[in-house]
Structures are given as C-alpha cells and as structure tokens.
Amino acid sequence: MADTRHRNIQVEAKEFDERVVFINRVARVVKGGRRFRFQALVILGDHKGRVGAGISKGADVTAAVTKATDVAKKHLITLPIYKGTLTHEVEAKISGARILILPASPGTGLIAGGVVRTVLEVAGFENALSKSHGSSNRLNMAYAALAALKSMTPASQWVTKQGATPTTKKLAKPKKAKVGAK
C-alpha cells in the first residue's frame, strides 16, 4: 500500500532572495519605563532584474522582518541588465545620501560597500562599481541606490545617430581689450 500522507504537502520554492540588512531597536518612553520595538530593513530580489526594499517595525524581530518583506514585495522594480552590468552610469540623492553607480567590464565583480552591494547582488548585477557620498545612513543609502537604478534607461531605448557626421561649432573670436583707455 502506497504512503499517501505527505502527498498534499508541496515544498514552496523561494521566488526571491531575502536579505535582512539592518535591525534597529527603537525605544518609546512611557509612564512605566521604556517599550522596545524593532525596525527591520529587508532587501529582496530574484537575481534577474527585480529588486525591492522594505522597512517596517514590529514588536519582535521576526514580526518586523516579515512585515518588511511584505513591504518590499509590494515595491518591486524591474531593472534592465545589460551584459551583466548597468546600461550606463546612474546617480541619485535621497536625504543626505548620494550614490553613484557605474557599469564595469566583465570580470570586475561588484565593487560596492554595505547596502549598495546587497541591492546590486539581489538585483542580479555581476559587474558594477559604486561610490557613496554624504550620509552613511543605511536606510537612505538603500533608497538612494534603488532610486539610482530606477533612473536607468534600457539599452533598447538608447538614442544613437547612425550615419550622422559630427559637426564642429565655430568659436567666436575674443574681443580685444582696449589698452590705454581710461
């Protein structure tokens, strides 16, 4: 007789790679003392060009992480990946964090730090360079990285002028200064 007890149980394959980047303990002062809650930053992506970030608070860490994961799934963006890297350089500024992300040649790998590296990894980029200026706040850096990647235009929408010859612009002659005039 065949064993049919476990037939209806299906193993759920994870569609997204979830990365918990930051857990913050937040205190609220009340009459009896302090009440602690937890804030979680979760980055998730499918390594094929879809990525999202979510921030949420909860009474404990697991509640905060699950709520942040749900927020990240609601705010997924689709990105163009061109030969394993970005289509062109992008830059964005959110609050005090300014992020610059550059395409890189094959074999370079991801040269990025902290949250930006996590965003690029789960999005599916294999070669990229990045530099962050200003604030090192992880929440703002995550949103700045996503805003920069969102501003990318796909390679299919690039405007190229085929058959056009470059034109040279004639410079105006500088005017001579009057010497000796008072």
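A polar contact is a pair of N or O atoms within 3.5 Å; within protein, one must be able to donate a hydrogen and the other to accept it, and residues adjacent in sequence count only if both atoms are side-chain atoms. With that in hand, welcome to this predicted model, where local features need pLDDT of at least 70, side-chain atom pairs count only at pLDDT 80 or more, and totals for chains, interfaces and linings use all residues. Residues are numbered from 1 along each chain as its sequence is written, and side-chain values use heavy atoms, leaving out hydrogens and water. Helices (H or I, at least four residues) and strands (E, at least two) are DSSP runs, numbered from the N terminus.

**Aspartate 46**
- The side chain of aspartate 46 reaches two backbone nitrogens: that of lysine 48 at 3.0 Å and that of arginine 50 at 3.0 Å.
- Aspartate 46 sits in the loop between strand 2 (33–45) and strand 3 (50–58).
- Aspartate 46 counts as buried because its relative accessibility is 16%; buried means under 20% relative accessible area, exposed over 50%, and partly exposed in between (1.4 Å probe, protein chains only).
- Beyond its neighbours within four places in sequence, aspartate 46 is in contact (heavy atoms within 4.5 Å) with Glu15, Phe16 and Val122.

**Aspartate 60**
- Aspartate 60 lies in the loop between strand 3 and helix 1 (61–74).
- With a relative accessible area of 37%, aspartate 60 is partly exposed.
- A polar contact of 3.2 Å links its side chain to that of threonine 62.

- Four strands make an open sheet in the order 1-2-3-4, with antiparallel pairing; two strands pair if DSSP finds at least two bridges between them.
- Its edge strands, each pairing on one side only, are strand 1 (17–30) and strand 4 (77–78).
- Strands 1 and 2 pair over 13 bridges in the antiparallel sense, and asparagine 24 has glutamine 39 in strand 2 as its bridge partner.
- Helix 1 packs on this sheet, touching strand 1, strand 2 and strand 3, and its direction makes about 145° with that of strand 3; axes are lines fitted to C-alpha atoms, for helices over the stretch in contact, with angles from 0 to 180 degrees between N-to-C directions.

- Another open sheet of four strands has the order 5-6-8-7 and mixed pairing.
- Strand 5 (90–94) and strand 7 (110–111) are the edge strands here.
- Strand 5 pairs with strand 6 (residues 97–103) in the antiparallel sense over five bridges.
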